[in-house]
Amino acid sequence: MGLVHETDYGTPASKAEKQVTLTVDGFEVTVPEGTSIMRASMEAGIAIPKLCATDMVDAFGSCRLCLVEIEGRRGTPSSCTTPVADGMVVHTQTGRLKDIRKGVMELYISDHPLDCLTCAANGDCELQDMAGAVGLRDVRYGYEGGNHVKARDTSGEQNARWMAKDESNPYFTYDPSKCIVCSRCVRACEEVQGTFALTIEGRGFESRVSPGMHEQFLASECVSCGACVQACPTATLTEKSVIEIGQPEHSVVTTCAYCGVGCSFKAEMRGEELVRMVPYKDGKANRGHSCVKGRFAYGYASHKDRILEPMIRDSIDQPWREVSWDEALTFAANKLRAIQFEHGRESIGVITSSRCTNEETYLVQKLTRAVFRNNNTDTCARVCHSPTGYGLGQTFGTSAGTQDFDSVEDTDVVIVIGANPTDGHPVFGSRLKKRLRQGAKLIVIDPRRIDLVKSPHIRAAHHLALRPGTNVAVVTALAHVIVTEGLFDEAFIRERCDGDEFQDYVEFAADPAHSPEAVEAVTGVPAEELRKAARLYATGGNGAIYYGLGVTEHSQGSTTVIGIANLAMLTGNIGRRGVGVNPLRGQNNVQGSCDMGSFPHELPGYRHVKNPEVRSIFESLWGVEISDEPGLRIPNMLDAAVEGTFKGIYIQGEDILQSDPDTHHVSAGLAAMDCVIVHDLFLNETANYAHVFLPGSTFLEKDGTFTNAERRINRVRKVMSPRNGYADWEVTQLLANAMGANWSYKHPSEIMAEIAATTPSFANVTYELLEEKGSIQWPCNDTTPEGSPIMHVDGFVRGKGRFIRTEYVATDERTGPRFPLLLTTGRILSQYNVGAQTRRTENVVWHEEDLLEIHPHDAEQRGVKDGQWVKLASRAGETSLRAKITDRVAPGVVYTTFHHPVTQANVITTDYSDWATNCPEYKVTAVQVGPSNGPSDWQTQYQELSDRSRRIEAAE
Amino acid sequence: MRVILSEKDIAERTRAVVEAHSELKGPLLPILHELQHEFGHVPEGALRVIAEELNLSRAEVHGVASFYHDFREAPAGRHVLKICRAEACQSMGADDLAGQAETRLDITFGGTTSDGAVTLEAVYCLGLCACGPAAMVDGKVVARLDAGKLDTLITECGQ
């Protein structure tokens, strides 16, 4: 198997079209103009010695090892900083060059410890490699003079230049004694990650890498993305796991299971032990970059809380009983069949997981459609991006984003609305920031001052800090300005959109009631600022809109998505690189779980169950009749459970008790059911109400595919055997077979074959093609056999683009004297979703509890001090957490995250939801805040319940 | 006597200095110079404010400020004596003078006398190679330094 080798070309690729031919050591090589000699040479297979160059960052020219001689030019220029020229004749190895390199290496080694045998980087050290490459045999300079290597000099005196290791970051160490000051880490932090947390302090021999202002890594601005560790050519910055375990011996390329960016990683292994995750440069979503979650936060997979044995119990007040897989599955199957016998076919259902693979999701919805024989399937996308599916489906004809992530490199104006990419989608955030530093303009529409509004080298041209819940009014006002000031792209609209609907929309948008001035009182956005933003988007070149859950999780979520689509069509920003409408998906496979027919009204490929031709495709393959009646959505399942008509549920990889709104209602629904089957890694909050627990497998333990926010189907590859015994798709198959289904899938590729055979947009997808291409963006069929990076290129999928009126209707959730503040929720960089995984990793050092952000003015009025416990109450319930006083939020708005179950932020949120899709309105809740002594009654009671229901009976 | 400034004063004054240089294209060095001139050093608190105001990271500002020896982290003594230790002056006996200064002041290079009167620093070339050894006292250069001259200079500095 071995390690997956990635060639380091030394400098980034040139995008120039003109080709240049040169000769390197007698070999002719043709490369794009602007390529460095170093890269051209590497493309010819000739590796020029180097230390400070790596192809993730721009050339720097400081190490003086990559010098070459060029015929007709004087001196020995560095090959990394010298661009190629036509007819150039380059020599990389001459007597003169060899002498220079040996001399330079000798100096490097004279201030570097000679502990190679016991060094963590042994076998993976570029300094070691270069010493070998230049043939260094002897170092004439001793350590008697000034050095950074020895803690004490020969007479026992402290060496003032020596610095101790910085172990403050939980995942990597900084050992200054091994540093050669090549600056690669500093440049990676700046150019790749865009945080600028590192610098070289001092000068000359005193130069040192410094996080922040000579701070510890953890205290500095560092966000622990790992780019510096990856860039370091020595053991100076090293993963603690490598120090502990040793060098990996083989690696497998797979896909991260955190957010919807879908980064490709090399899982570097020693046997079945994961040594480290290294971002994969050929990964088309991440291009070799990572964030703290994907790079480091995989420890949950081997956390002691993970449940590895199936468990059952008759009622939730009993302790769990560990049983065999057979017994658990038979128990579950019998219960489900008994419920259906007594309460009818519609009385049970499933929830598919956006954390699991496409193949697993496909099987779960197949379970309900082919085995339960109803359409009661829903997924967590219900509570996040269901309005995206609806809105983009209605306007463009496909329920997905229009671009690939590379497209951002050609964007001139970016609108980020209701998203916080630097925290929620960090790798995309870094790619966006890179483009912004190159000069693209940014408009942020968000109630909160997110990092993109202002952080080092990034400043939004406009920040429209709207009141939560007024997205539609703001988006329509933007359209008003574009329409009334004549900034729309008439040619585009004439050619690609429906004319009558456009006329109707223009009439609607031009209404003075939708002018920025008219809505200012409602939205809180200064009219002039909004007008400027609209003009910038409409006239600033390629305009792209990126949005997140701040758009969808509202009572008018679908309307805002439609409004965004209208803006893109109005300005002709669809169908080429650099433009488009881009939903930033929350979970790794939320796109995939929607594609796979997880919704109760849709079969795979977004085709309605009413449609007999579609049903017949599946009916003939599955040999059963499929119900033409759309099934229940999650909130309806819970309602029906409370009413007593819905009795059993199989929940794969989702914690609805913590993640879904109005916790009291969710718990009442679950408590009313006779058979709750939770299939998960951990005893999550939902499992407190479960009767059967089926242990799940992690993304490291199975094969399959995830589909990311850019419709990219990425392979997930098994790197270790499932610790629980079965991959999740196998568990679903076992459950189906326990109910008599007779499925016989041997590998997820067989499931993908079934998906391709039944779903037109996946028609040509096979594991062989994925192997060959690395990844594919659907639609992938006979028309687009290699997939579709950008959609709607020559016209909209639905035919003509459709403008739809977007009337603003205020949410029913309003502030009043009792609840005068608006709560909105979000997440932070180091934690993920309900935190089930990230809370079980060292990431807790960055975020150990959820905090309530409150403006100093509101805090002072209520006598709330920073760090103090406060009570947060809404019409739905109350909870307690600590306050953080900050002007990131506007007066009248408070903000918190929902990563920790003890906070139970969703006790507060209401059951209002999107009119079209029932996506809950997490982002707006009227609340009151007041000082408090500690946890609320609900929190204490819930803690007791939670402890009680998590008991596991001792084995006999 | 210099007045001891609170963090708040430093922040306010720094903001004003940054504001005054806001029209410049690369304002960081002029700002650091002005603060050095104003406070006699560049306080750490000022660096944080500069980073915030110029939209740079703390690391970047620290990297620049620490590159230049003349941007001090702490105030110098009332007088600053710099002795050139570069090659030309060394060949004219500057090393002996350096040793004499250290002994007389009872400090090493980079140090300040305990009464805060004199800070002794090395400098690498004052451009007076033709008439070395050279030194600089409070910004004024002194050429053809010898033991007697150095003694007088130190005495004049209040030692």
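Let's start with one residue. C63(A) counts as buried because 24 C-beta neighbours fall inside 10 Å. The cut-offs: buried takes 20 or more other C-beta atoms within 10 Å of a residue's own, exposed takes 12 or fewer, partly exposed lies in between, and C-beta atoms are placed from the backbone.

Now the ground rules. This is a predicted model, where local features need pLDDT of at least 70, side-chain atom pairs count only at pLDDT 80 or more, and totals for chains, interfaces and linings use all residues. Residues are numbered from 1 along each chain as its sequence is written, and chains are lettered from A, ligands numbered from 1, in the order in which they are written.

Back to C63(A). Where is it? In the loop between α1 (37–43) and β3 (69–70) of chain A. Helices (H or I, at least four residues) and strands (E, at least two) are DSSP runs, numbered from the N terminus. C52(A) sits eleven residues from C63(A) along the chain, with 5.5 Å between their C-alpha atoms. Setting aside neighbours within four places in sequence, C63(A) contacts K50(A), L51(A), C52(A) and C182(A). A contact means C-beta atoms, placed from the backbone, within 7 Å.

Next, chain A overall. It holds 29 helices and 36 strands. Its radius of gyration is 29 Å, close to the 30 Å from the globule rule for 956 residues, so chain A is as compact as a globular protein of that length. That radius is taken over C-alpha atoms, and the rule is 2.2 Å times the number of residues to the power 0.38. Along the principal axes, the C-alpha atoms fill a box of roughly 90 × 80 × 65 Å. Of the 956 residues, 58% are buried. Take contacts in chain A with a separation of 6 or more: 72% of them join residues 24 or more positions apart.

Now the cores. A nonpolar core is a set of buried Ala, Val, Leu, Ile, Met, Phe, Trp, Tyr and Cys residues joined through C-beta atoms within 7 Å. The largest has 180 residues, and those touching the most other members are C185(A), C228(A), V474(A), L478(A), I545(A) and I564(A). Which helix gives this core its largest share? Helix α13 (residues 471–484) of chain A, with ten residues. A second, separate core has 97 residues, including V676(A), Y726(A), A890(A) and V924(A).

Finally, chain B. The domain assignment, automatic or from a database, gives domain 1 (7–67) and domain 2 (79–156). Their C-alpha centres lie 30 Å apart.

The contact between the chains takes twelve residues from chain B and 19 from chain A. On the chain B side, α3 (44–54) and α4 (58–67) each supply at least two residues. The most comes from α4(B), with seven residues.

In α3(B), the buried residues are A46(B), L47(B), V49(B), I50(B) and A51(B). Their cover includes α1 (7–20), α2 (28–39) and α4 of chain B. Just after α3(B), N55(B) takes a positive phi of about 60°.

How values were computed: Contact = placed C-beta atoms within 7 Å.
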